[in-house]
Amino acid sequence: MTGPRPGPLAISLGDPAGIGPELIAEAWRRRAGADLPPFAVTGGAEALRAAAASRGIALPVQPIADLAEAPGVFARALPVLGAADGDWAPGSPSAEGARLAFDSLAAATRLAAEGQAAAVVTAPVAKGWLARVGFDHPGQTEYVAAACGLAPGDAVMMLAGPNLRAVPLTVHVPLSEVPASLSQDLIVRRARIVAAALARDFGLAQPRLAVAGLNPHAGEEGRFGDEETTIIAPAVAQLRDEGIEVTGPHPADALFTPRARARYDAALCMYHDQALIPLKALDFDEGVNVTLGLPLVRTSPDHGTAFDIAGKGLADPGAMIAAIAMAGACAARRAGARARS
């Protein structure tokens with residue numbers, strides 16, 4: 001971990017019917033070997049105990065009244081803050097479980113926004129079930145951005161793993177609407193956020209960005225579409241004029257080879273699957289969803305609730321452990337920068 005050890009992290013429970021609770025328990029069990037910073041879960045003590053038991057973990061849970069207690073507890077027990085709890089019913093999502101997930105997310109986000117937590121790590125939720133209990137955001141990324149007082153466009157999703165960092169410039173929109181959603185301004189604004197975050201949170205003094213094309217062969221000089229010449233290339237030129245190291249538009253089918261990945265620190269992609277397919281192919285068990293541009297650090301494992309395998313001991317904890325470790329490292333860099341300023 002870079003810089004001083006930050007304060008404790010706040011972790012939201014996620015949907016209790018999914019794999020989140022058991023992976024949080026597994027992360028705590030592996031805390032020493034993974035060098036994880038102290039963290040506390042916001043609610044769900046009984047759900048955590050039951051989920052841990054499904055993996056053969058006799059999880060010691062310690063209720064705490066203040067997040068500041070977490071570091072003193074963490075070595076011997078998993079600190080849990082707040083009384084919110086619910087039944088553990090793996091693979092059987094419910095409105096009650098969604099309410100617990102929502103309450104836990106709100107509490108963890110508030111702790112980070114207020115500066116009590118060094119970062120927030122969000123376990124997976126089921127957006128459809130959350131919508132039934134009043135959650136009116138496309139996802140947790142947008143919720144955390146709104147809690148920070150930011151517009152959705154001011155927060156950028158980056159998927160990061162050992163082999164690739166990829167940013168979808170449009171996210172949860174139908175593929176048919178992607179061309180109309182793109183603009184030079186959108187690409188430039190989000191690329192600025194990515195470059196600044198890579199420098200601040202990932203310690204890259206001069207981040208290198210690669211921008212994918214939208215069409216096959218990056219349009220092949222207009223034969224397969226003109227978005228590359230009318231939107232993407234002008235955005236790349238503007239970013240270069242601002243001093244950002246960026247290349248593109250690149251044909252997306254060649255952007256993720258080992259040789260190509262060695263030439264950039266993050267790939268900016270035009271739509272959801274253009275970014276997530278290579279990330280999941282390369283780093284599925286260690287992929288982290290990190291939100292850039294926020295005044296706080298927020299990460300999440302890059303997988304869903306996996307209701308079909310919840311409680312069966314099959315879920316890999318790698319992405320959860322990576323999300324916690326990345327949140328701690330980014331928070332430490334921010335703490336170090338504050339100490340130097």
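Me: Let's begin with α6. Is that helix mostly covered or mostly open?
Reply: Mostly covered: of the eight residues in α6, six are buried. Keep in mind that this is a predicted model.

Me: Which α6 residues are buried?
Reply: They are Q140, T141, E142, Y143, V144 and A145.

Me: And what do those buried residues pack against?
Reply: Quite a list! They pack against the strands β1 (9-12), β5 (120-122), β6 (156-160), β11 and β12, and also against helix α4 (95-113).

Me: What happens just after α6?
Reply: G149 sits there, with a positive phi of about 80°.

Me: OK, on to the sheet. How many strands does it have, and in what order?
Reply: It is an open sheet of twelve strands with mixed pairing, and the order is β3-β4-β2-β1-β5-β12-β11-β6-β7-β10-β8-β9. The edge strands are β3 (61-64) and β9 (245-250), each pairing on one side only. On average, neighbouring strands are turned by 30° against each other, direction ignored.

Me: Which helix packs on the sheet near β4 (78-81)?
Reply: That's α2, residues 45-53. Besides β4, helix α2 touches β2 (39-42) and β3, and its direction makes about 150° with that of β4.

Me: You listed β11 and β12 side by side. In which sense do they pair, parallel or antiparallel?
Reply: Antiparallel, over four bridges, with β11 covering residues 288-292 and β12 covering 298-301. In that pair, T291 stands opposite R298 of β12.

Me: Changing topic: what volume does the largest pocket have?
Reply: About 370 Å³. Its lining has 19 residues, and K127, H172, N289, D302 and H303 lie nearest the centre.

Me: Which elements give two or more residues to that lining?
Reply: Our helix α6 (140-147) comes back here, along with α11 (272-283) and β12.

Me: How does the lining split by class?
Reply: The largest pocket is lined by nine polar, five charged and five nonpolar residues.

Me: What about the second largest pocket, which residues are closest to its centre?
Reply: A160, G161, P162, R165 and M326, out of 15 lining residues. That pocket has a volume of about 280 Å³.

Me: And its lining by class?
Reply: For the second largest pocket, count eight nonpolar, five charged and two polar residues.

Conventions
Residues are numbered from 1 along each chain as its sequence is written. This is a predicted model: local features need pLDDT of at least 70, side-chain atom pairs count only at pLDDT 80 or more; totals for chains, interfaces and linings use all residues. Side-chain values use heavy atoms; hydrogens and water are left out. Two strands pair if DSSP finds at least two bridges between them. Axes are lines fitted to C-alpha atoms, for helices over the stretch in contact, and angles run from 0 to 180 degrees between N-to-C directions. Contact means heavy atoms within 4.5 Å. On a 1 Å grid over the protein atoms alone, a cavity is a set of points where a 1.4 Å probe fits but cannot get out, and a pocket is an open set with protein on both sides within 12 Å along at least five of seven lines; lining residues have an atom within 4 Å of a point. Grid points are joined across faces, edges and corners, and a volume is the space filled by probe spheres set on the points. Ala, Val, Leu, Ile, Met, Phe, Trp, Tyr, Cys and Pro count as nonpolar, Asp, Glu, Lys and Arg as charged, and the others, Gly among them, as polar. Buried means under 20% relative accessible area, exposed over 50%, partly exposed in between (1.4 Å probe, protein chains only).
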